[in-house]
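Subject: A structure for you to look at

Dear colleague,

I am passing on a structure that I would like you to read through with the notes below beside it. Please look at the chain first, and then follow the notes in the order in which they are written.

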Amino acid sequence: MNTSSTLLPAVVHSAVEVRPWLSSDHCARLVLELLGGLGWTIIDTPKSNVHCTSPDGRVYVGWLP
């Protein structure tokens, strides 16, 4: 039986392995700048929580210190 490569699971790499600077100072500033530059919607709350949504709305990232 032959399996098409499009049916095989994708290899997912951790962003920390590829970009260790993203977690180097335990501050969200660099990540938020990256996401903002990529067109993500970024909302911060009075309690310093930050909520980010990808442009297509399929991915959510939260920074809840």
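This is a predicted model: local features need pLDDT of at least 70, side-chain atom pairs count only at pLDDT 80 or more; totals for chains, interfaces and linings use all residues.

Residues are numbered from 1 along each chain as its sequence is written, and side-chain values use heavy atoms, with hydrogens and water left out.

The chain as a whole

The secondary structure of the chain comes to two helices and three strands, and along the sequence these follow the pattern α-α-β-β-β. Helices (H or I, at least four residues) and strands (E, at least two) are DSSP runs, numbered from the N terminus. Of the 65 residues of the chain, 12% count as buried. The chain exposes about 5,500 Å², of which carbon and sulfur atoms supply 60%; accessible areas come from the Shrake-Rupley method with a 1.4 Å probe, and for residues only the protein chains shown count as cover.

The sheet

The three strands form an open sheet in the order β1-β2-β3, with antiparallel pairing. The edge strands are β1 and β3 (60-63), each of which pairs on one side only. Two strands are said to pair if DSSP finds at least two bridges between them. Strand β1 (residues 41-44) pairs with strand β2 (residues 50-53) in the antiparallel sense over four bridges, and β2 and β3 also pair in the antiparallel sense over four bridges.

Some positions can be followed across the strands. I43 stands opposite H51 in β2, and the bridge partner of H51 in β3 is G62, while D44, which has its place in strand β1, stands opposite V50 in β2. Leaving aside its neighbours within four places in sequence, D44 is in contact with N49 and V50, where contact means heavy atoms within 4.5 Å. The C-alpha atoms of D44 and W63, which are 19 residues apart along the chain, are separated by 9.2 Å.

The two hairpins

β1 and β2 form a hairpin with five residues between them. S48, in the loop between β1 and β2, has a positive phi of about 70 degrees although it is not a glycine. S48 counts as partly exposed, because its relative accessible area is 47%.

β2 and β3 form a hairpin with six residues between them, and G57 in the turn has a positive phi of about 75 degrees. S54 lies in the loop between β2 and β3. With a relative accessible area of 7%, S54 is buried, and, leaving aside its neighbours within four places in sequence, S54 is in contact with W40 and V59. A polar atom of the side chain of S54 lies 3.3 Å from the backbone nitrogen of R58.

The salt bridge

How many salt bridges does a search of the whole structure find? The search finds one salt bridge, a term that stands for a side-chain nitrogen of Lys or Arg within 4 Å of a carboxyl oxygen of Asp or Glu. Here E33 forms a salt bridge with R29, and the closest N and O atoms are 3.4 Å apart. Side chains of opposite charge can pair when their charged atoms come close. Both E33 and R29 lie in helix α2 (residues 29-37), four residues apart, which is about one turn of the helix. E33 counts as partly exposed, because its relative accessibility is 48%, and R29 counts as partly exposed too, at 45% relative accessibility.

How values were computed. Buried means under 20% relative accessible area, exposed over 50%, partly exposed in between (1.4 Å probe, protein chains only). A polar contact is a pair of N or O atoms within 3.5 Å; within protein, one must be able to donate a hydrogen and the other to accept it, and residues adjacent in sequence count only if both atoms are side-chain atoms.
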